[in-house]
Structure formats: C-alpha cells, structure tokens
Amino acid sequence: MAQQIISANRLGDGLVVYLTGGGGWSERIADALAVTGKDAGEAAMTVAHTAEEARLIVEPYLIDIDESGGERRPTQFRELIRAKGPTVRLDIGKQAEL
Amino acid sequence: MYLYDPIDQSLVDQRVEQFRDQVRRRLAGELSEDQFKPLRLMNGLYLQLHAYMLRVAIPYGTLSSHQMRKLAYIAQRYDKGYGHFTTRQNLQFNWPKLEETPDILAELAEVEMHALQTSGNCIRNITADQYAGAAADEIADPRIAAEVVRQWSTLHPEFSFLPRKFKIAVTGSQRDRAAVRVHDIGLILKCDETGSMGYEVIVGGGLGRTPMIGATARDFLPKRHLLSYLEAILRVYNQAGRRDNMYKARIKILMHALGAEEFIRRVDAEWDAIRDSAVDLPAGEYDRIAAFFASPHFETLLKNDGKFARYRLEDRDFAQWARTNVAPHKQPGYAIANISLKSEGGIPGDATTEQMNAVAAIAERFSFAEIRVTHEQNLVLPHVRQADLYDVWQTLKNYDLATPNLGLISDIIACPGMDYCSLANARSIPLAQDIGKRFADLRRQHDIGELKVKISGCINACGHHHVGHIGLLGVDRKGEEYYQITLGGSADENTSLGEIVGPAVPYDKVVGAIETITNTYVGLRTDGENFLDTYRRVGKAPFKENLYAAH
C-alpha cells in the first residue's frame, strides 16, 4: 500500500514543511511521519488541522511517497519540486543545503 | 511620470498600516485563514509552491531609477536577491515572509509603490505600450489615460468584488504593443475627423482556458467620457457576470453569452444614465495628470547621430545589438534601447539585485532616470541619445543585460511554471532555456527572424501562449510533462489565436519539434516573409505533417 506524508506551508514565512512523528513540522522531508491507509491518513490530517487552528501552518494535504530507492521521494513531480526547490535554481531552496 | 500627491501617499501609507494590523491579527489568531486570505490577496500576496509570493504593481510598466533601486534593495533584504518581471508589467518576489510583508509594503510606499489590486477579483494593473511617450508611431502617450483609469479603479467601492479579475490595456499607437485585443478592456487612442482625441473601446478579449479576441464596443469614444463609459461596462459586468463558476466568470464569457450586440446595448443604456454625471473627469483634472507625462527636456539633435553610425560599422557586436534591441524614437537624435532579460541559460524575466541596480544607474545617466517593463518580460530605456547607445551597451554587457535577441526565437516569454507556481502542471523555464540553447547561434536566430515563442505551464496562460507565433502549453499526462503546440498566434494589431497543431509532445521532444517547425518555415518562406506571414499563407498542414509524420 502507498505510503503518505503530510505537506503544508508554514504560516509565518510560507516555507514548505512536513508533519513529523512528534506532531511538529519540519522543513526536511526525511523527518516526515509516513502513514499507510485511509484511517492513518485521516488521523494525521486531524493533527494537521489542529496545527492550522494553532496558526502554525496553512493548507495541509496528503501526498504519496516512495522509499524504494533508499531515499524518500514524493511520487508526484510537483511535490518533488516542492520538497527540493526550483529545478532551475539549484542554488536556492532546500536543495541548496544538500 | 505620475507623482503622488498627499492623498495618494496617505492612501498607500494607511494601507500599509491596515495590512500590518491584519497580519498581526492573523498571527495572533484573531483572523482565520479564510478571513485573512482575501485580505492578503488584495495586497498582492499569494501562497505559492515554495513560499509566499508578492506581486508589486508597476503602473503601466513605468519605473523611476529610484523605484528600481528600492526593488533591488527589497530583493536583497527581504528575498533571495532577485525578482521576476511579469507579463502584466509587474514584479514578483518569490520568497517574502508573511511576517515581513508589512515592512516590504512600507518600503514600497516610501517610493510611491504598492501591491494593491495585483490579485483578487478587482481591476488589476493597467498596462500600456512600453514605448509610450517615446515611440515614433504614437498618436499620444497612452499612459495619461492609463493613469486616469488607474486612479478611478484603485479602491473603487463598487468594483472591489467583481465576479472575477479584470484587466485593462492601453495603446497610443496603431501598432499594438500592449495586446489590447486580448484584455477584458482594450483602449486604442485615436483622433476623429476634427482632430479631437478619443478611444476605440474593445471589450471581451482574454486568454486563459477560453481565449477570445475582443470586439469593438465603441469605435470612437470622446476622451472626456472615458470614465463614464468604463463605469457603464463594469456595472453591466458586475451585475450580470457569473458568480457560480469561476471558470465562466470573466467579461468575455458574459459578452459571448449575451452576444456582442445585446451586451453593448446594455452598456449604452447604463451609460446614458451616467454619462454627464460626476463620474467623468473634469478637463482640468485630465490636463493636470497629462502634465506628468510631458516629454523630458530633450536636446535639439540631428536626426541621425554620426557616432552611433560609426560605432555600428566598427563594432560588429554592437551592430548586432543595435539591430534587434534599438527602436526608433520620436525625437531626432534619440533612440529606444531594449534590455533583454532573456540571456542564454538565464531565467526569462528574472533580474538580480545587482542587475536592477545597474539598470537604475544606466537609466539615471542615459535615460532621464526612467525605465519601462514590457509584457514580454524585458526592460526598456525609453529616451537614450543615439550618441550614448554605445556606452549604454558596453555597461549593459558587464551585467549580462546586453543579449541581442529582442523578438528573436530566444526572446521567449515563459511563466514561472511548475518551478514556482502552485497552479502549474508543467515547467516552463527549463524548456525556455533548452530552446534558447538549441538556437543559441545568433546567425541562425537572425536567419529565422522574428519568432515569438510563448510558454505557459498551465491553462491559465500567464505565458500568453495563445498569442505566440509558437505557443507551448504544459499539461500533465499521467505524471509526465507534455506540451501542446499552437501555431500562428499574435498579440499585435492583427491579433490571432494560435491553432493546436496536433497531439501534445513530451518534454524531451519539444526542442526537436521547435526545430522541425522552424525548418519547415525556412523551407517554405518566400522573399521577406517572417514566420507569421508564412504560417498565415500556408496554414498548419505542412507543419502538422512534418511534426507528426509517421515514422
């Protein structure tokens, strides 16, 4: 079954963040809590909505990921770009820190 | 250019403080995101793929050096050292923080700038011919009307909650450099038989998912009735435009549904009621605004400068730049210098802090401190002495701002696409770069001649692909980036919408397809025909055949 994580934007600075196992939000996709199945996904979204109410993040949603290559990658290209940064500016965004 | 009076200045200052308080209340939990989102959009602040995005208004694309320096500073202090000039003559910052946006707006207010109405269902930035006030073929400066309309439309209480966004463009020349026929309202300056000035008013043009060419609502509107007639159009739209479906909410859809005749009848009926009321601008006020657009103090010079001619003979590279990037000026001895923001390997429309500061300095020294932004994502120095062009070019070269490709195949319009924009289905920028690289040879570019390639990363068509000679629309096919190719579009006075030539092609086949298209054109053209001429003569069949020939 496909694994999923939750992606959102941080309210204050707009940066992309992922819901972690501890209920916090990390800029690093490697820290994201992976869930499997509808129930786990809904439970995670509930946590995300609480964070929205708490004004930490905005617009959370579930995305599919793939860990088969050893590295955690979103399956959708758009989400990969969101995770790393613009493909045309490798010097900015999270990819620059790698 | 227009300078704020105390009322204008207090408007933007108060707006900054209002937004500052709205941000404070949002962060403190006194406003929900649902409540806050329309408020931040009214100040041009979007939430995008990687971060917030702030769209700064540059009214009719006119900037002073002082303002450009402020934009450069904001890019450095509050962003990542660059900004993006857009297809509506605005500037976008891609990495502002919400917490710092009130400070950014305060910085902008210091130089008479703002981000008002660059988003939301309101009247957006009024765009105009980038050669306004300088072009040799101009009847009058369209920015006077643009400024009048800007003031009328800013915080207009009746039109702040339209069914959808509303875009107006103005041209002062029969040569349309403002794409007026694909705007919600397009205005063309003209004179009647007595020599009185007025406008042809075109309504219902647009791009996006249902591209349409606007229809003439009024062939000659006297100058003094500009605002009452626009008010009548907006009232009919505001009342009858659809609010149930955002994809059917533009004025072009309403006009199409009613039919042009019925639409115009309703506008005329409304106009009858308000025509001689206080809506129209008093003549004195029009003249007061017009005075801001008086020509700078030009020197009296010979029509053709000897130095300029000599440098072109002596320096081939300079001659090459002058050939594409220099346009004729109405004042003898002067010229219009275009700054291409489409360098090889660069990002179309992007400029760094350093480049913005360089342009500000060059403009200050050589162009009466005035700069223009074009809807094709380039910049213009509108008033340069021909004798100074060589110095201008040499300085531009130091900042990678002297690419001699204006109007050639590598002068590509590309929206930010999926590298930046949350609406996109595919990327635009790397495709523009790959096309530019394939056609990097300038001799080849000149042989191909004028060829406008326009790339949109989604159906919203911010890259204006419908009016590209070659248009590319990015689509998502089962997770892969594919591009639909259209041919024969044009945004000038002979406006046409591109025709889809066949099934969409995958990313790695697009550059080859472009090459097939240009080769087909070169093989079919007759003397003096540019790409568009040939396409209009032969139609899409030969292109379709070569592109999709059975293997």
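I was working from a predicted model.

**Chain A, layout.** I listed the secondary structure elements of chain A and got two helices and six strands. I then read along the sequence and wrote down the order as β-β-β-β-α-β-β-α.

**Chain A, dimensions.** I looked up the radius of gyration of chain A next, and it is 13 Å. The globule rule gives 13 Å for 98 residues, so chain A is as compact as a globular protein of that length. I also took the extent of the C-alpha trace along its principal axes, which is about 35 × 35 × 20 Å.

**Chain A, burial and contacts.** I checked burial, and 34% of the 98 residues of chain A count as buried. I turned to contacts between residues at least 6 apart in the sequence of chain A. Of these, 44% join residues at least 24 apart.

**Chain B, helix pair.** I moved to α3 (residues 65–78) and α12 (residues 353–366) of chain B. Their axes lie 8 Å apart, and the packing angle is about 170 degrees. Angles over 145 degrees count as roughly antiparallel, so I noted α3(B) and α12(B) as roughly antiparallel to each other. I recorded their crossing as left-handed.

I listed who makes the contact. From α3(B) come B:Ser65, B:Met68, B:Arg69, B:Leu71, B:Ala72, B:Ala75 and B:Gln76. From α12(B) come B:Thr353, B:Met356, B:Asn357, B:Val359, B:Ala360, B:Ala363 and B:Glu364. I sorted the contact of α3(B) with α12(B) by class and found eight nonpolar, four polar and two charged residues.

Technical notes: Residues are numbered from 1 along each chain as its sequence is written. Chains are lettered from A and ligands numbered from 1 in the order in which they are written. This is a predicted model: local features need pLDDT of at least 70, side-chain atom pairs count only at pLDDT 80 or more; totals for chains, interfaces and linings use all residues. Axes are lines fitted to C-alpha atoms, for helices over the stretch in contact, and angles run from 0 to 180 degrees between N-to-C directions. Helices (H or I, at least four residues) and strands (E, at least two) are DSSP runs, numbered from the N terminus. Angles under 35 degrees count as roughly parallel, over 145 as roughly antiparallel, 65 to 115 as roughly perpendicular and the rest as oblique. A crossing is left-handed if the near helix is turned anticlockwise from the far one by less than a right angle, and right-handed if clockwise. Two residues are in contact if their C-beta atoms, placed from the backbone, lie within 7 Å. Ala, Val, Leu, Ile, Met, Phe, Trp, Tyr, Cys and Pro count as nonpolar, Asp, Glu, Lys and Arg as charged, and the others, Gly among them, as polar. The radius of gyration is taken over C-alpha atoms; the globule rule is 2.2 Å times the number of residues to the power 0.38. A residue is buried if 20 or more other C-beta atoms lie within 10 Å of its own, exposed if 12 or fewer, and partly exposed in between; C-beta atoms are placed from the backbone.
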